[in-house]
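Please open the model in your viewer and follow the stops below in order. Each stop says what to select and what is there.

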Amino acid sequence: MSDDDITTRFGEWSPKDPGESDPDRLAMVTKRLRAASHEDLSPRRRNLKELADATRLLIDRLVATDAPDEVVAAATADIVAAATRFAGYRQGSLYGFSELATAGGHQDPLYDHSPFIGIANPLAPPMTLTESDNVVTATVRFGQAYEGPPGCVHGGYVAAAFDEVLGAAQSLSGAPGMTGTLSVRYESPTPLHTDLRFEGRFSGVERRKIFVEGSCHAGDQLTATASGIFISMQPGRFLDLLAEREARQEEQR
C-alpha cells in the first residue's frame with residue numbers, strides 16, 4: 001500500500017515518537033495495557049472470568065483425550081445443557097479489539113473479550129501485558145489446544161501473539177494504528193505448557209507508518225523474532241469503522 005493509498009483510507013494523521021506524544025492521548029491509547037488487570041474485578045467480570053477459565057480447562061483436557069465413549073457422551077450432554085442456558089439471551093456486538101492499537105477515541109474500552117488478553121474469552125490463553133521504558137512485555141502459557149509440531153506451539157499462534165504485542169508497542173506512538181505488515185522469523189521451537197515472554201519495542205515512525213519489533217523467549221531460549229509496520233489512523237476513525245461494523249450486524253439480525 002502506497003502512502004497515497006494510506007492517506008485515502010486512513011486520513012492525514014502522523015504518529016510521533018513517545019517523547020513527543022501528547023500525554024493525555026498516549027494514556028488513552030495505551031489504556032489497554034492496564035485493562036487486563038485481574039484486580040478489583042466487578043462481580044459480573046469475575047463471574048465471566050471464572051466461566052471462561054472453566055471452559056479453557058475443558059478445552060485443554062478435551063484435546064486428544066483418551067476418555068472412553070461414555071464419558072465423552074456424558075460431557076456432550078452437559079455442554080449442550082450449559083449452552084442451552086444462554087439461549088434466548090441477546091449476544092451483543094461488543095468488540096474485543098483484537099489489536100491493541102485500535103482503542104481510538106473510546107473513553108472506556110473493554111478488552112475482556114479479546115482473543116488474546118480477554119479474561120472472559122475462553123479462546124484467549126490469556127496473555128498478560130505490562131509496559132516499562134517503552135518496552136511491552138507479555139507473559140503467556142499455551143496449552144494443548146495450541147499445539148502445532150509435537151509439544152510445540154503452532155506457528156500461527158506465535159504470529160498472532162506477536163500481532164497483539166507489537167500492536168501494544170506501536171500504541172506508544174500515541175496514535176491508534178492497524179497492522180500493515182507482520183514478519184516473523186522462527187528461531188527455534190516454541191514449547192507448550194511453558195511460560196513464554198514476548199517483548200515488543202516501538203522503533204520509529206515515517207509519515208503514517210509505525211515501525212515495531214519483537215522477540216519471544218522460553219526462559220533463556222530465543223524462539224522467534226518479529227518486525228511489523230502499523231498504519232496510523234485519524235483519531236476517531238476506528239470508532240467510525242466500529243460503528244459501520246455494528247450497523248452491518250444489526251441489518252443481519
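Select Phe162 to begin; in this predicted model its relative accessibility is 0%, so Phe162 counts as buried, the cut-off being under 20%.

A pair of aromatic rings is described by the distance of the centres and the angle of the planes.

The structure holds 3 aromatic pairs. For one of them, select Tyr146 and Tyr157: the ring centres are 4.9 Å apart and the planes stand at 85 degrees, so this pair is edge-to-face. Tyr146 belongs to the loop between β2 (135–140) and α6 (155–170), while Tyr157 sits in helix α6, so the contact ties together parts that are 11 residues apart in sequence. Are these two tyrosines buried or partly exposed? Tyr146, at 11% relative accessibility, counts as buried, and Tyr157, at 34%, counts as partly exposed.

Return to Phe162 and Phe198. Their ring centres lie 5.1 Å apart with the planes at 80 degrees, so this pair is edge-to-face. Phe162 is in helix α6 and Phe198 in strand β4 (residues 196–206), so the pair ties together parts that are 36 residues apart in sequence.

Keep Tyr146 selected and turn to the second largest pocket. Its lining has 16 residues, and those nearest the pocket centre are Ala124, Pro125, Gly143, Ala145 and Tyr146. The space in this pocket is about 310 Å³. Which helix gives the largest share of the lining? Select helix α4 (residues 43–62), which supplies 3 residues, the largest share. By type, the lining of this second largest pocket has 10 nonpolar, 3 polar and 3 charged residues.

The last stop is a set of strands. Select strand β3 (residues 177–186) and strand β6 (residues 221–232): they run antiparallel and are joined by 9 bridges. Within this selection, find Met178, which stands opposite Ile231 in β6.

Then select strand β5 (residues 209–218), which pairs with β6 in the antiparallel sense over 10 bridges. Here Cys216 stands opposite Ala224 in β6. Finish at the turn: the hairpin of β5 and β6 has 2 residues between the strands, and Gly219 takes a positive phi near 65 degrees there.

Key
Residues numbered from 1 in each chain as written. Predicted model: local features only at pLDDT ≥ 70, side-chain atom pairs only at ≥ 80, totals over all residues. Heavy atoms only, no water. 1 Å grid on protein atoms, 1.4 Å probe; cavity = no way out; pocket = protein on both sides within 12 Å on 5 of 7 lines; lining within 4 Å. Points joined across faces, edges and corners; volume = space filled by probe spheres on them. Helix = DSSP H or I, 4+ residues; strand = E, 2+ residues; numbered from the N terminus. Nonpolar A, V, L, I, M, F, W, Y, C, P; charged D, E, K, R; others polar. Pairing = 2+ DSSP bridges. Phe/Tyr/Trp six-rings, centres within 6.5 Å; stacked < 30°, edge-to-face > 60°. Buried < 20%, exposed > 50% of the residue type's maximum accessible area, 1.4 Å probe, protein only.
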